[in-house]
Each structure stands twice: as structure tokens, then as C-alpha cells.
Amino acid sequence: MKGLLVKDFKLLKLQRNSIFYILIIFFGMAMLSSNVSSSLSFFTFVFSLFPLNSVSYDEFDNGNAFLFSLPITRTGYVIEKYCFALIINSISWAFATTLVMVIAYLKGTNNLYDIFVMALALIPVVLITISVMFPFQLKFGGDKGRVAIICTFGLVFLVVIALVKISELFHIDIVSIFNNLPVLNLSTFFVLVYIVAFVMLFISIKISMIIMNKKEF
Amino acid sequence: MLKIENLQKNYKNFSLNCSMEIKPGYVTGLIGQNGAGKSTTFKAILGLISIDGGMVRVFDKDLKDFNVEDKEKIGIVLSDSGFSGYLTIKDIIPVLSNLYKCFDKEFFMDQIRKFKLPIDKKIKDFSTGMKVKLKVLIAISHNADLLILDEPTAGLDVLARDELLEMLREYMEKDERHSILISSHISSDLETLCDDFYMIDEGKIILHEDTDVLLSEYALLKVDEKQYASLDKEYIIRFKKESYGYSCLTNQKQYYIDNNPDIIIEKGNIDELITMMIKGNK
């Protein structure tokens with residue numbers, strides 16, 4: 001697995017120009033915006049998409065056929081991809097959070113506690129993003145994967161609209177149901193969201209393993 | 001070393017059904033036209049495709065039970081696949097060091113220098129010959145017991161091909177148990193390297209023979225209509241209508257030299273034998 005990780009970091013190095021421009025935008029946003037939290041969300045979310053590119057690099061020019069002839073297993077490949085994503089996202093999250101907190105402290109604009117809470121809230125968002133995107137990327141590849149994700153989100157959107165319409169027909173007020181849900185305190189909410197994110201990540205890894213074990217090259 | 005028994009793979013317009021064996025210390029050639037089933041056989045051996053029947057055993061172990069350590073003992077060259085073209089040799093050295101416990105970095109670097117391969121240039125910008133040399137170097141640099149080489153000579157000029165064959169000969173000399181399975185659609189590329197040949201056509205093995213036997217006992221008889229009519233056809237494997245009469249493939253050259261001194265008997269190279277085996281009539 002270490003060999004694959006080294007390969008993916010070498011390939012990530014090729015995207016240094018894009019990373020550089022993202023860093024410039026992030027830094028500009030953090031310096032110029034009165035609310036530095038938005039730059040933190042931007043940077044963390046955009047960076048969460050970088051590890052997905054490694055799948056596209058692998059399949060470019062039928063590269064997967066050679067890759068899976070090397071001493072790796074398909075399961076090991078999936079685990080490596082998620083580890084790579086987690087490493088990249090941990091580093092980018094830690095970097096962005098530290099930088100944003102330093103800038104906020106110097107500017108004296110945002111409450112540092114609020115920024116930290118915001119940063120903690122981003123972690124499950126990133127985990128869920130990875131969990132949703134990787135199976136699509138592995139199943140359909142780079143370009144088709146993006147189309148498949150857009151189609152899936154469109155489908156989910158249509159289902160939600162359909163549910164709202166159906167509930168209206170039966171005179172069910174969904175908004176009031178949500179309003180009447182028991183109010184959770186922040187830490188309970190965080191624990192629940194983290195649990196959901198990690199469960200989704202676990203399910204995503206399992207699905208990706210099934211996808212890769214069925215693939216032919 | 002490698003044993004394939006009734007390997008089956010079915011596609012919409014193509015079915016593979018073949019058996020073959022690569023013995024320790026042997027260089028075995030798999031030859032056939034484009035689309036004959038060579039790459040499908042290789043993919044099945046490497047576990048890149050699922051199989052519909054039969055068995056593949058490598059190092060006396062079923063392919064299903066293959067683990068990372070077993071795969072380290074195989075060196076691979078695939079004609080249409082390799083490391084990402086965006087990487088450089090400098091990039092892939094730490095990758096190989098971490099993938100293979102026995103990666104011989106010193107040997108690898110010596111060979112890179114010997115073949116003047118640029119270490120800082122992206123692989124996608126290499127010439128065809130340079131790409132193949134790099135692929136073969138990767139395959140032979142981690143003390144593999146078995147090399148599986150799919151069309152490594154494709155697109156190479158004569159000099160590059162000879163250099164490649166020399167690399168493979170040196171690999172074979174290192175250990176008497178080293179074996180190679182190599183495919184090509186141009187068998188003369190492999191005539192001087194292989195100990196035996198399997199010929200594949202439309203997914204089936206149609207001939208298996210030692211190279212010595214192929215070159216010494218197989219021959220093409222060129223006969224006119226009258227000679228053909230009186231020819232003993234017991235040892236004729238294939239025949240083909242020609243403008244001058246018939247060309248016939250035999251695996252008993254000496255029999256016809258002794259009994260038909262008046263007919264033209266050509267030794268023929270392996271490519272001609274393949275053409276007759278595939279295009280000739282039984």
C-alpha cells in the first residue's frame with residue numbers, strides 16, 4: 001500500500017499549479033472577507049476533491065491493467081485510496097484551520113471558538129463528500145463518474161420534490177414536523193453527525209471494494 | 001511454473017478455451033494473429049478478468065489463492081499499459097522500492113544508465129523503444145521467477161528488439177529456474193529466444209511444439225498439380241492452393257526428402273508455418 005501512496009503523492013505533485021491557485025484564492029478570501037469561515041469551507045471542500053483525481057490518473061491510458069498486475073490487491077487499492085483521501089484532507093483541514101484562526105486573531109474579526117466549531121463541522125462534510133464521490137469515481141471513472149454524480153443528485157432532488165408534493169396531497173405539513181423535532185444541544189448534534197459520517201464512510205469503503213472486485217481490466 | 005487447464009472466457013463475439021504449460025527454465029512463446037486471444041490469456045493469468053471456467057495455477061498455487069507476496073515473484077510487461085505517463089523514472093523508483101521487497105535499485109539504475117533512459121523526463125514523452133525498455137527493466141529488477149510479457153517487441157525497430165532480447169537472455173542466465181511467457185504476433189521476433197511455442201487462433205491453441213522441432217522437422221512443400229496428386233498426404237498437416245499448384249505444411253520433412261527428391265522443400269520460418277496453420281486447409 002505504501003508504494004501506491006507514494007505514487008499518488010507523486011501524481012498529486014503534478015497538480016501543484018491548481019493547488020497554488022486554490023491557495024491564492026483561499027488566502028485572498030481569508031484576508032479580504034469579513035467572515036473568514038467561508039474561506040475555510042471553500043478550501044476544505046475544494047481540497048476534498050483532489051484525491052478523486054488519482055483514480056482518473058490510474059485509469060488513464062488503460063493504466064489500471066498494469067497497476068493491478070503489480071503486487072497489490074483490489075481491496076488494498078480501495079483502502080489506499082481512502083487513506084490517501086483522509087491524509088490529504090487531514091493535512092489541508094489542519095493547515096486551513098490554523099491559517100484562518102491566525103488571520104482571524106490578527107484581524108480580530110471572528111471569535112476563534114466559532115471558527116473552531118465551524119472547522120469541526122467541516123470534518124463530517126468532507127467525510128460524507130468522500131463517501132459519496134469515491135464509489136461513483138471507481139464505478140464509472142473520471143468523466144462518467146461526474147455525470148453519474150450529477151444524475152444521482154438530480155434524482156435525489158426529484159424524489160424530495162415528489163415526497164413534498166405527495167405529503168401536500170395528504171395534507172401533511174413537513175415543515176412543522178421538522179420544527180417539532182426535539183432540539184439537540186450542539187455536542188449531541190456533533191456526535192450524531194460524526195457517527196453518520198463514519199458509518200457512511202464505512203459503507204462507502206465496502207461498496208467501493210465490491211465495485212473494484214467486480215471490475216475487469 | 002505456470003499451468004493453464006481449459007481456461008475459458010466468453011465474450012459476445014469471442015470465446016477463449018485454451019490449455020498450456022510453462023516449465024521452469026523455459027522461454028515459451030505464445031504466437032497468433034491480432035485478436036487471436038493472446039492478451040485475453042494474459043489478462044486471465046494476471047487475474048485482470050474473471051474466467052468462466054478452467055484453472056490457472058502459478059507456482060503450483062491456484063490463482064484465486066494468490067497474494068501480494070506471490071505477485072512479487074512475477075514480472076509484467078503489458079503492451080498497452082504501464083505506469084502513468086505523467087510520472088518520471090525518478091518518481092517510480094520509490095514506488096517500486098515500496099511495492100517490491102526485492103527491488104534491486106542498484107541494478108535498475110545501472111541498466112537505466114546503460115540504456116541512456118532519462119530519469120527526469122515524463123514517460124509519456126519517451127520513444128516506443130525507451131518505453132518498452134523501461135517496462136522490461138521494471139519486470140526484471142525485483143528478482144521475479146516468472147516474466148509475463150505481452151507483445152513487448154511490438155513497434156520496435158531491429159536494434160531495439162535485439163537489445164530487448166538480450167536483456168531477456170541475461171535474465172534467463174541469472175537463474176536456471178527463471179521462466180518467461182512471451183507473446184508476439186510476429187514470431188520471427190522470438191525465434192531465437194523461445195524454447196517452445198504455443199500457437200493460438202480464434203481462442204484455441206492449434207499447435208504446441210519445441211522450437212528445435214519446428215525449425216528442423218517442419219517444412220513447406222511446394223508442388224504442382226501433378227505432384228500434389230501423387231503425393232503421400234499422411235504427414236501433411238495443412239495445404240493451400242497457390243498459383244503454381246499447392247503449398248503443403250509437413251511435420252515430417254525428412255520423410256518427403258527421402259521419398260520425394262523431385263519436389264521443392266523449403267525449411268520455412270515460424271511466421272510461414274503460422275500462416276499455413278491458420279490459413280491452410282486440413
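How many residues of domain 1 of chain B are in contact with residues of domain 2 of chain B? There are 14 residues on the domain 1 side, and they are in contact with 8 residues of domain 2. Contact here means heavy atoms within 4.5 Å.

This is a predicted model, in which local features need pLDDT of at least 70 and side-chain atom pairs count only at pLDDT 80 or more, while totals for chains, interfaces and linings use all residues. Residues are numbered from 1 along each chain as its sequence is written, chains are lettered from A and ligands numbered from 1 in the order in which they are written, and side-chain values use heavy atoms, with hydrogens and water left out.

The predictor's confidence in each residue is given as pLDDT, from 0 to 100. Chain B averages a pLDDT of 89, and 100% of its residues score at least 70. For the complex, the predictor gives an ipTM of 0.84 and a pTM of 0.85.

**The two domains of chain B**

Chain B is divided into domain 1 (2–211) and domain 2 (218–279); such bounds come from an automatic or database domain assignment. The centres of the two domains, taken over C-alpha atoms, are 34 Å apart. On the side of domain 1 that touches domain 2, β9 (196–201) and β10 (204–210) of chain B are the elements that give two or more residues. Helices (H or I, at least four residues) and strands (E, at least two) are DSSP runs, numbered from the N terminus. By class, that side of domain 1 has 6 nonpolar, 5 polar and 3 charged residues. In this grouping, Ala, Val, Leu, Ile, Met, Phe, Trp, Tyr, Cys and Pro count as nonpolar, Asp, Glu, Lys and Arg as charged, and the others, Gly among them, as polar.

**Two interfaces in numbers**

Buried area is the accessible area (1.4 Å probe) that two parts lose on being put together, summed over both. A salt bridge is a side-chain nitrogen of Lys or Arg within 4 Å of a carboxyl oxygen of Asp or Glu.

| Interface | Buried area | Share on carbon and sulfur | Salt bridges |
|---|---|---|---|
| Chain B and chain A | about 2,400 Å² | 63% | 2 salt bridges |
| Domain 1 and domain 2 of chain B | about 950 Å² | 67% | 0 salt bridges |

**Chain B against chain A**

Between the chains, 27 residues of chain B are in contact with 25 residues of chain A. B:Leu48, B:Lys71 and B:Tyr86 supply 24% of the area that chain B buries against chain A, more than any other three residues. One salt bridge joins the side chains of B:Lys9 and A:Glu216 (3.0 Å, N to O). On the side of chain B that touches chain A, α2 (68–71) and α3 (89–99) each supply at least two residues. The largest share, 5 residues, comes from α3(B). By class, this side of chain B has 14 nonpolar, 6 polar and 7 charged residues.

**Chain A**

Chain A has 10 helices and 0 strands. Its C-alpha atoms fill a box of roughly 55 × 55 × 25 Å, taken along the principal axes. Over all chains, the count comes to 23 salt bridges. A:Lys81 forms a salt bridge with A:Asp58, with the closest N and O atoms 2.9 Å apart. A:Lys81 lies in helix α6 (residues 74–107) of chain A and A:Asp58 in helix α4 (residues 50–59) of chain A, so the pair ties together parts that are 23 residues apart in sequence.
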